[in-house]
Amino acid sequence: MEANPICLGLLFLIFSSTMAAISNAKTHYHDFVIQATPVKRLCKTHSTITVNGMYPGPTLEVNNGDTLVINVVNRARYNATIHWHGVRQMRTGWADGPEFVTQCPIRPGGSYTYRFTIQGQEGTLWWHAHSSWLRATVYGALIIRPKEGDSYPFPKPRRETPLLLGEWWDANPIDVVRQATRTGAAPNVSDAYTINGQPGDLYNCSSKDTIIVPVDSGETNLLRIINSGLNQQLFFTVANHKLTVVGADASYVKPFTTTVLMLGPGQTTDVLITADQLPARYYIAARAYASAQGAPFDNTTTTAILDYKSAPCPAKDVSVKPVMPNLPAFNDTATATAFSKSFRSPRKALVPTEIDENLFFTVGLGLNNCPIGSSPANCQGPNGTRFTASMNNVSFVLPSSFSLLQAHQQGIPGVFTTDFPGVPPVKFDYTGNVSQSLQQPVPGTKVYKLKYGARVQLVIQGTSIFTAENHPIHLHGYDFYIIAEGFGNFDPNKDTAKFNLVDPPLRNTASVPVGGWSVIRFVADNPGVWLMHCHLDVHITWGLAMAFIVENGVGELETLELPPADLPLC
Ligand code: C2O
């Protein structure tokens, strides 16, 4: 029988286009050297821990489907790891990065090569150290463009600019957290916010280095905004310009237009901005969204300049100040809520409708009474206590002799227990006046086990212990749908009706409303050990974290890869 030439031709076409797609995926090799570097900010030079001497660190630019191979060498005097925030790390949990969770830290003088592939994610992510507070200065952008030949689901922007919002301390951030851990008090707040590492015109000794974002009249550009700050949710705005949100956390969203964004640490937002104003200079500005009543925060404002290249000379005169935008009040929860409620998936979302695991986690602070006989120097929290934090009353403690992933994969006993409670051990009025007896969590290295493929619903309920505040809750290894959020205590009888199972946004970090709750859903399709925590570093320091173990499924494609040969050991 003769082969049909048309079929053969078709077969060849299919074959060659598949080959083209495969051969288009690239592997990017990078060297990251973590090292102390002199960095001058706010009039003083510091010995700052950087990657390759850069602050912020290098921007990684890849296409969806590409592989990254990053050799990290630690030449600093601190333990270090790098986390690729938001990367799903399908079966490659060994490359996720949180210290003592998926690896032991890279010790000073050591190195480790992270290998992973970007699968089905497009937009803006970032990378940061995941050891103590090193990420204060060890972070950078990870830009994921569509596969070659694919395009954005919006008109191609003329230019693209990543804007990393950060926090700067006039002290060594590692000393700041060490002091807080010793005293039990809240750590000092930052001294400045930064945009791409620069505080901007409103700070001492800073204006000559203010970041300039050039535009030409009429063009539409993409800003990729990342809150890489440690401890503060931030409002972000550009004077006189509208922002059209097109993506967040490396997922596209149904475009919507706003004048102000709110990002919790960990979150990213991609916006289109059209240069449709009088040619001049306009401030890009960010400052705190401080939701906790009465708690100290850094109330300064960071700025960069949107600079129309076509601006007439007088506008260019540096004595003519750029146009300053109005920012929301620090406690403007209404604006933060309106913003987070605007997010939708661009199309019908694949939200699980049947649920195998119905979980409810409280998240919030706590106050430990000091043991009798302890030195007052170590009990500097409110009323002689020590600050702590917990999820479902467990204050998370990292192991020290093995990473959780290693202990799980090799069956090493005694490193963790699998009794993390799926619901609060005691029910109470979470957002009311919480009695003293419920304010002291139990320390523990407890994980929650999920079967491969389990469909999970998780209610994340903020508490008002000590103070209610907005918590940016981040889950490693997953994107999840945020199907609802609200204030007060979650009530299944009336709040279930509010679930958006049609087009909820897909995120890796949920901004849980102050004194309120968020409901998320995901399918446990990535085996490994995955940390979930508040992305305010002060809260993770106090134990606001837990980990999921997702078991292997059937066959190689549902099984965690073997650990790389150079995995750092403890
Ligand atoms: Cu940005 Cu544990 O993560």
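**Close-up views of a predicted model**

Tyrosine 152 is buried, at a relative accessible area of 13%, where buried means under 20% relative accessible area, exposed over 50% and partly exposed in between, with a 1.4 Å probe and protein chains only. This is a predicted model, in which local features need pLDDT of at least 70 and side-chain atom pairs count only at pLDDT 80 or more, while totals for chains, interfaces and linings use all residues. Residues are numbered from 1 along each chain as its sequence is written, and side-chain values use heavy atoms, with hydrogens and water left out.

**View A. Tyrosine 152 and phenylalanine 154 form a stacked aromatic pair.**

**View B. Phenylalanine 490 and tryptophan 517 form an edge-to-face pair.** Their ring centres lie 5.0 Å apart, with the planes at 75°. Phenylalanine 490 is buried at 10% relative accessibility, and tryptophan 517 is buried at 1%.

**View C. The charged end of arginine 287 sits over the ring of phenylalanine 330.** It lies 4.2 Å from the ring centre; a charge sits over a ring if NZ of Lys or CZ of Arg is within 6 Å of the ring centre and within 35 degrees of the ring normal. The charged end of arginine 507 likewise sits over the ring of phenylalanine 343, 4.9 Å from its centre.

Definitions and conventions: Phe/Tyr/Trp six-rings, centres within 6.5 Å; stacked < 30°, edge-to-face > 60°.
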